[in-house]
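Subject: Structure handover

Hello,

Please find the structure below, with notes on what was found in it.

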Amino acid sequence: MHVKIRNKTAVIEFENNADTAGHDEVMKEMIELIGNGFKKFVFDFKWVDISFNSAVSGFLVVVTKKIVESGAVVIMSNIRDIDKDLLKVVGIDGDKIIYE
């Protein structure tokens, strides 16, 4: 997982390789981006071909809550229907969460 910046939008890309997960580093960077006024965060799952595990789901629950509380929009991109349904069950849904 890593963060790319595109036109004042933070794109968080997820990968299958657990060695590149770096949750701590990504969290620090996202906190900094929220503090710098970023208002759009895209979580891109195009490189993930496995169903969500509890670590990813828990990470997303905490992170999306903080992002939405800051007034930013969260977009879940390239996500499978089964994973989308799971995220909705754990509370990642609402007006500020966009699934594409």
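The notes cover the sheet, the core and the aromatic rings.

This is a predicted model, in which local features need pLDDT of at least 70 and side-chain atom pairs count only at pLDDT 80 or more, while totals for chains, interfaces and linings use all residues. Residues are numbered from 1 along each chain as its sequence is written, and side-chain values use heavy atoms, with hydrogens and water left out.

Sheet. An open sheet with mixed pairing is formed by 5 strands, in the order β1-β2-β3-β4-β5. Helices (H or I, at least four residues) and strands (E, at least two) are DSSP runs, numbered from the N terminus, and two strands pair if DSSP finds at least two bridges between them. The edge strands, each pairing on one side only, are β1 (2–6) and β5 (97–99). β1 pairs with β2 (residues 9–15) in the antiparallel sense over 5 bridges, and His2 stands opposite Glu13 in β2.

Rings. Lys88 lies over the face of Tyr99, at 5.3 Å from the ring centre; the criterion is NZ of Lys or CZ of Arg within 6 Å of the ring centre and within 35 degrees of the ring normal.

Regards
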